[in-house]
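Subject: The structure we talked about

Hello,

Here is the structure I promised you.

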Amino acid sequence: MSATTKKMILAGLMAANPGLFCCPLCASPMSLTECKSLICSNHHCFDLARDGYINLLSRPAGGKYGKELFASRKAIVNSGFFEPVDTYISGLIAGRKLAGNGPHRILDAGCGEGSHLAAIQELAAAGPHQSLLGVGLDISKEGIALAAKNNNTSTIWCVGDLAHSPFGSGQFHTILSILAPSNYAEFQRLLTADGRVIKVIPGQNYLQELRGLLYGRSSRQPNADSEIRERFSETFEITEARHFQYKVSLQPPLLQQLVRMTPLSWAADQNKLQTVLQLNELEISVDLSVLEGRKLPS
Ligand SMILES: [Zn+2]
């Protein structure tokens, strides 16, 4: 798919979903001009990138997440490492019948290179009910640029800051927050009245073998996940919850990609890190909880 085609598809998705965006600088509504820019009523203007995404940050954001990390994460997600979790989430989405005719709008808040959203959309599209529109938001331009390389015709990829998110109120039926920081006040604002948040949180044994090899301790801080769960249930009524615990045996190059993907490797001792990078096989624990919640009545 050529860059021009990607940009035209992006413009088409934006034109078909008026009201989706609001200005990240002044919060006024935005409209598409000549299929090349989103412009607000105060003339703040953001151009569509030729590779098929839009950058809605007013200034570039730094970050520790580089190209290599996103490429590794893409390889891990595509290898099926998270498949049971992504399949479950797609089932939650596909199983909901929404009122009205428009597409089921899914925001992946902190989508990185977009692999989870792409996988979930593909799986959920087989559902019986409704067409889907995916919107992937991440503060990293590297992540979004990689996401836009997918030839996906029903996803809008945007660089933006969740704390000043560039979307109108009540625009999303589902918000995904997959191993990413959340902004619950913003989620409340962005959800439709009957919308759902689906949050994936790591349990105590998530990647414990890696933690053991790099830091000599095998489990995460105890109860970290129950604290997240408690905070979630203060803002949302939990409608579904499932715990996933399984092991995946990884060999090179996936093993090295997993190491590069995780922030666990950032502060690790270089010698220990090298030892792990030279392993021929490692069995890795996946321990994740998926929570689905709806807004509490205000
Ligand atoms: Zn503006």
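A term to start with: a residue is called buried when its relative accessible area is under 20%, exposed when it is over 50%, and partly exposed in between, using a 1.4 Å probe and protein chains only. Please keep in mind that this is a predicted model, where local features need pLDDT of at least 70, side-chain atom pairs count only at pLDDT 80 or more, and totals for chains, interfaces and linings use all residues. Residues are numbered from 1 along each chain as its sequence is written, and side-chain values use heavy atoms, with hydrogens and water left out.

In an unreviewed entry, UniProt gives the feature "binding site" at Phe82, Glu113, Gly114 and Tyr206. UniProt positions are given here in the numbering of this model, with shortened feature names, and annotations may be inferred rather than shown by experiment.

Is Phe82 buried or exposed? Phe82 is buried, because its relative accessible area is 3%. Look for Phe82 in the loop between helix H2 (67-78) and H3. Helices (H or I, at least four residues) and strands (E, at least two) are DSSP runs numbered from the N terminus. Setting aside residues up to four places away in sequence, Phe82 touches Ile76, Val77, His116, Leu179, Tyr206, Tyr246, Met261 and Leu288; contact means heavy atoms within 4.5 Å.

Glu113 sits in the loop between strand E5 (104-109) and helix H4 (115-124). Glu113 counts as buried because its relative accessibility is 1%. Which side chain does Glu113 join in a polar contact of 2.6 Å? The partner is the side chain of Arg73. A polar contact is a pair of N or O atoms within 3.5 Å; within protein, one must be able to donate a hydrogen and the other to accept it, and residues adjacent in sequence count only if both atoms are side-chain atoms. Not counting residues up to four places away in sequence, Glu113 also touches Phe70, Lys74, Gly143, Leu146 and Ala147.

**The cores**

A nonpolar core is a set of buried Ala, Val, Leu, Ile, Met, Phe, Trp, Tyr and Cys residues joined through side-chain atoms within 4.5 Å. The largest one here has 49 residues, and Phe81, Ile89, Ile93, Leu176, Leu210 and Leu258 touch the most other members. Helix H3 (residues 83-94) supplies the largest share of this core, with six residues. Beyond its neighbours within four places in sequence, Ile89 is in contact with Ile120, Leu176, Ile178, Ile198, Val200 and Val290. Another core lies apart from this one and has 34 residues, including Leu20, Leu38, Leu107 and Tyr184.

**The sheet**

Strands of a sheet pair through backbone hydrogen bonds, either parallel or antiparallel. In this model, an open sheet of eight strands has the order E4-E7-E6-E5-E8-E9-E11-E10, with mixed pairing. Two strands pair if DSSP finds at least two bridges between them. At the edges are strand E4 (54-55) and strand E10 (236-250), each pairing on one side only. Inside the order, strand E6 (residues 132-138) and strand E7 (residues 155-159) are parallel partners over five bridges, and Val135 stands opposite Ile156 in E7.

A cis peptide bond, with omega about 0°, joins Pro252 and Pro253.

**Hairpins and a group of cysteines**

E1 and E2 run antiparallel and are joined by four bridges. They form a hairpin with three residues between them, and Glu34 in the turn has a positive phi of about 45°. Glu34 counts as exposed because its relative accessibility is 68%. E2 also pairs with strand E3 (residues 45-47), antiparallel over three bridges.

Leaving aside neighbours within four places in sequence, Cys23 is in contact with Ser28, Met30, Cys40 and His44, and Cys26 with Cys40, Asn42 and His44.

Best wishes
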